[in-house]
Amino acid sequence: MSSRRATLASELVSAGSAGVSGEVLAGRLGVSRVAVGKHIAALREMGYEIQAVRGEGYRLSSVPDAAVPIEVERRVKDRMWVRFEGGGETASTNDDCKGFARTGAPEGTVVLATRQTGGRGRLGRTWVSPEGGVYLSALLRPALVPADAAPLALVIALGVSLGLDTIGVRTTLKWPNDVLLDGRKVAGVLLEMSAEADRVDWMVAGCGVNVHAAPGALAGVAFVDEAAEHSCAEVAAAVLDGIAGAYRAFGADGFSALVGQYEDRHALAGTGVTVRDMEGRIVASGRVVRVDDSGRLLVDDAGTVTPVTSGEVTLGVPPGR
Ligand code: BTN
């Protein structure tokens, strides 16, 4: 991905209907006018509508409404995000990002897609991924031992929620890492990791956000544009900046620095729940007390509090418990 193209797109957006000459663009990008022409052609290929007006230069008439790398790159504010890949259709951005991780890509590499044909969710589920959503995976290389990495799923979900706050979309969290809008799921997080006994090598934080209710979208979920109108690129950039802030705070001070913010938006607090493991066995049921400083869900069953480290939560307590 070329940052020059992101700069070029930004220049065209700032020029607006006045347009901007090839000569000015060449100067700002530090390239020849011929190279500007080539970058303009590449942007058009990606769905940008750019008019060339003889004697005047280039005028942008529309940008793609998708989380394409250039549109996300020019919106993110956090310097953690250093490389932007993908942008079209893929099977799974998590799989692509894992490929980059294995070949030594730096922390802060981001893989984006406009749709996924094999999107994956937690617990082996499918993540339905039509156009109109944000599908991104971020490569992290935390300096942690694997045992200390458990809260990261909560950290990433909190980051997504904090990022959505910045564009006026107020969400809550369902432990461990579901993001809800008006009680329905609007975003999910899938964390995958490669580690040795004493250190994490890489983590891929995959995040899917329902933005527009486009054809093929699931029923029963929520969409960002029910709360506020935003392009997929704006949503992706906001989410990435939110993740970066939460991840940095976790790296500096651990989950205890974030637990208050997590609790402020915790949808399950005070609710009766049942938590099951991967095999469907009940590991705890009762009333949710809170999330503790290690990211564990504390569930109170008639005065006995069970700290739960992982599992699938359903609302309600089975009869007789
Ligand atoms: C869940 O709630 O079950 C987690 C869903 C995670 C979906 C995202 S979309 C981008 C990334 N690529 C994938 O295949 N999955 C994650």
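R199 counts as partly exposed, at 40% relative accessibility (partly exposed lies between buried, under 20% relative accessible area, and exposed, over 50%, with a 1.4 Å probe and protein chains only). Welcome to a predicted model, in which local features need pLDDT of at least 70, side-chain atom pairs count only at pLDDT 80 or more, and totals for chains, interfaces and linings use all residues. Residues are numbered from 1 along each chain as its sequence is written, and side-chain values use heavy atoms, with hydrogens and water left out.

**Salt bridges overall**
- The structure holds 24 salt bridges, each being a side-chain nitrogen of Lys or Arg within 4 Å of a carboxyl oxygen of Asp or Glu.
- Side chains of opposite charge can pair when their charged atoms come close.

**Around R199**
- R199 forms a salt bridge with E196, at 3.5 Å from N to O.
- E196 is also partly exposed, with 45% relative accessibility.

**The R83 and E85 pair**
- A salt bridge of 2.8 Å, N to O, links the side chains of R83 and E85.
- R83 is partly exposed, at 30% relative accessible area, whereas E85 is buried, at 15% relative accessibility.

**The R265 and D165 pair**
- The side chains of R265 and D165 meet in a salt bridge of 3.2 Å, N to O.
- R265 lies in the loop between helix 8 (259-264) and strand 12 (272-276), and D165 in helix 6 (residues 152-165), so this pair ties together parts that are 100 residues apart in sequence.
- Helices (H or I, at least four residues) and strands (E, at least two) are DSSP runs, numbered from the N terminus.
- Both R265 and D165 are buried.
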